[in-house]
Amino acid sequence: MAVEKMLKFVTVDKDMPEKRAAEARTADFHEIYADYVKAKAAEQAGRCSQCGVPYCQTHCPLHNNIPDWLRLTAQGRLEEAYHLSQATNTFPEICGRICPQDRLCEGNCVIEQSGHGTVTIGQVEKYITDTAWEKGWVKAIAPSQERAESVGIIGAGPGGLAAADMLRRAGVQVTIYDRYDRAGGLMTYGIPGFKLEKDVVMRRNDQLEAGGVSFVLNCNVGEDITFAEIREKHDFVVLATGVYKSRELQGPGSGATGIVRAIDYLTASNRVGFGDSVPEYETGELNAEGKKVVVVGGGDTAMDCVRTAVRQGATSVKCLYRRDRANMPGSQREVANAEEEGVEFVWLAAPKGFSGDPVSGVMVQKMRLGQPDATGRQSPEVIEGADYVEEADLVIKALGFEPEELPTLWNTPELEVTRWGTVKADFRSHETNLPGVYAVGDIQRGASLVVWAIRDGREAAEDILSKLAVSAGVAAE
Ligand SMILES: Cc1cc2nc3c(=O)[nH]c(=O)nc-3n(C[C@H](O)[C@H](O)[C@H](O)COP(=O)(O)OP(=O)(O)OC[C@H]3O[C@@H](n4cnc5c(N)ncnc54)[C@H](O)[C@@H]3O)c2cc1C
Ligand code: SF4
C-alpha cells in the first residue's frame with residue numbers, strides 16, 4: 001500500500017511534462033509545458049523518498065507539506081492531496097508554475113542531492129490544483145459566520161490576495177483597492193503568459209470575488225482616495241503595493257526614443273494578450289516586431305523581456321549582462337529556455353551610452369570579474385579599450401525595481417520606511433509602526449517572489465485574526 005507506491009527514484013527517472021518545441025512555443029504566448037497525465041503525475045510523485053527530514057518542506061517559504069501530498073498523489077487520492085496542498089498555500093497552481101524551484105523546494109530535495117534528479121515538486125503541485133479546478137473541488141469561500149470588522153487592502157497582487165483569502169475565510173469584511181483595472185498585480189501584468197497563463201490568475205480573482213471580497217479597481221490610493229480615508233473606513237489596513245520604480249540607465253543618449261522600461265513593455269504585452277487596445281503597442285513604441293532588440297539586465301524580468309521580444313517577432317534579441325552566467329540572478333532554467341528560443345546572451349557586457357535618437361546602437365563596454373566585494377560577490381570591472389557598438393532599435397531596461405516613496409505620495413510622513421525605501425514592518429506579524437497597519441510582499445521585502453508575498457499576506461492575516469480573537473474574547477468577558 002502506501003509505501004509501495006513511493007521510493008521509486010531508483011527505478012523511475014525524473015521526467016518533466018513535455019516541453020513544446022522552441023519553434024512552436026515562440027509562435028504564441030501559451031505556457032511551454034504540457035500537463036502531466038494522471039498516471040505520469042502519480043509515477044513522478046512516487047519517486048519521493050519520504051525522507052525523515054524533508055528539506056524540500058523546510059526550503060519552501062510556505063512550508064508546504066510536500067511529502068504527504070506527493071504520497072497522496074502517488075496513491076491516486078487527489079482530492080485529499082488538493083485539500084492538504086491548499087491548506088498551506090493560497091495559490092498552489094501558480095507557485096507550481098512560477099516558483100524558482102531549483103532554488104527552493106526542488107534544489108533541496110534529498111534525492112536531487114544524492115544525484116538521482118529531484119522529484120518534480122512544482123509540476124505535481126500544479127497538477128493537483130489544476131485537477132481540483134477541473135473537478136470542481138475549488139469552491140468560493142463561504143465563511144460559517146460573518147464578522148463586523150473590516151480590513152482594507154491596498155494592492156491586489158499575491159500578497160494582498162493571500163491576506164484577503166484568509167481574512168474572508170474567517171468572515172471578516174475585506175475590500176481590496178488597486179490602481180489597475182484587473183486584480184493580480186504582477187501575476188496579471190508583469191509575468192508573461194508563457195510562464196503563467198492569465199486565465200489561471202483570473203479564475204482566482206473570480207473565486208475571491210464570489211467569496212465576498214470587494215474589489216475597488218482603477219483606484220489609485222493617494223490620488224483617487226487618500227490613505228487617511230482608507231484608515232478611517234477600516235479596522236485594519238494592509239499595504240501590498242509592490243515595488244514599481246524602475247532603476248534607470250545612465251550615460252549619454254540614455255533618454256533617446258526607443259529606450260523603454262521593462263515594466264511598461266511587459267504590461268503592454270500582457271494587455272495585448274487580454275485583447276485590450278494598447279496605443280503604444282500599435283505605434284511600435286512598445287512592440288519588438290521587426291526590431292533588433294537589446295535587453296539590459298540579468299534577472300528574471302530581463303528573461304521575460306527577451307522571450308516576449310522573440311514572440312513579438314524581433315529580428316534579433318540580445319541580452320547584455322555585466323557579470324557572467326554563473327553570477328546572474330535570473331533562474332538558469334529560464335536562461336536555458338531563452339537560449340532555446342534564439343536569444344543571444346552577451347555576458348560581461350554593460351552599456352556605456354547610446355547612439356542615435358531614435359536609438360540605433362548601444363555602446364558596450366566589456367567587463368571582467370574582479371575581487372569579491374563585502375558580500376563575497378565578484379565585482380565587475382571595465383576592460384579598457386574593448387568597447388564596441390551593438391546595433392539596436394529597441395532597448396529594454398530591466399535593471400530591477402525600487403519602492404515608490406509611499407510616505408510622501410500618501411502624505412503620511414509618520415509611516416516608517418527602511419533606508420531602501422521599503423515599508424518597515426515586523427517580519428513575523430508584518431505590523432508597521434502605525435498601529436493596525438500592515439505591510440506585506442515586495443513593499444516590505446523589496447523585489448522578491450510570489451511565494452514570499454503569499455506567505456507574508458497569510459502571516460499578516462493571521463496576526464489580524466489573532467487580534468480580533470483577543471478583542472472578541474475581551475468583549476465576551
Ligand atoms: C517581470 C517579472 C517577472 C517575475 N517573475 C516571477 C516568477 O517567475 N516567479 C516569482 O515567484 N516571482 C516573479 N516575479 C516577482 C513577483 O511577481 C513579485 O514578487 C510579486 O508579484 C510581489 O507581490 P506583491 O503582492 O507584493 O506586489 P505586486 O504583485 O506588485 O502587486 C501590487 C499591486 O498593488 C497595486 N498598487 C500599487 N500602488 C498602488 C496604489 N497607490 N494604489 C492602489 N494600488 C496600488 C498595483 O497596481 C499592483 O496590482 C516577477 C516580477 C516581475 C516584475
Ligand atoms: S510553493 Fe514553491 S517552493 Fe513551495 S513547494 Fe510549491 S513550488 Fe516548491
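Six aromatic pairs are present in the structure, which is a predicted model. A pair of aromatic rings is described by the distance of the centres and the angle of the planes. For Phe 227 and Trp 410, the ring centres lie 5.1 Å apart and the planes meet at 25°. The pair is therefore stacked, because planes under 30 degrees apart count as such. Phe 227 belongs to helix H12 (residues 227-233). Trp 410 sits in the loop between helix H17 (406-409) and strand E16 (437-439). The contact thus ties together parts that are 183 residues apart in sequence. Both partners fall under the 20% limit for buried residues. Phe 227 is buried, at 2% relative accessible area. Trp 410 is also buried, at 9%.

A cluster is formed by Tyr 180, Tyr 189 and Phe 274, linked through ring pairs. Phe 274 also takes part in a contact with a charged residue: Arg 182 lies over the face of Phe 274, 3.9 Å from the ring centre. A further contact involves Arg 179 and Tyr 244. Here the charged end of Arg 179 sits over the ring of Tyr 244, at 5.3 Å from the ring centre.

Helix H8 covers residues 121-135, 15 residues in total. The distance from its first C-alpha to its last is 21 Å. This is close to the 21 Å expected at 1.5 Å a residue. H8 is mostly covered, with 13 of its 15 residues buried. Gly 136 follows H8. The phi of Gly 136 is positive, near 80°.

Conventions. Residues numbered from 1 in each chain as written. Chains lettered and ligands numbered in written order. Predicted model: local features only at pLDDT ≥ 70, side-chain atom pairs only at ≥ 80, totals over all residues. Heavy atoms only, no water. Helix = DSSP H or I, 4+ residues; strand = E, 2+ residues; numbered from the N terminus. Expected span 1.5 Å × (residues − 1). Buried < 20%, exposed > 50% of the residue type's maximum accessible area, 1.4 Å probe, protein only. Phe/Tyr/Trp six-rings, centres within 6.5 Å; stacked < 30°, edge-to-face > 60°. Lys NZ or Arg CZ within 6 Å of the ring centre and 35° of its normal.
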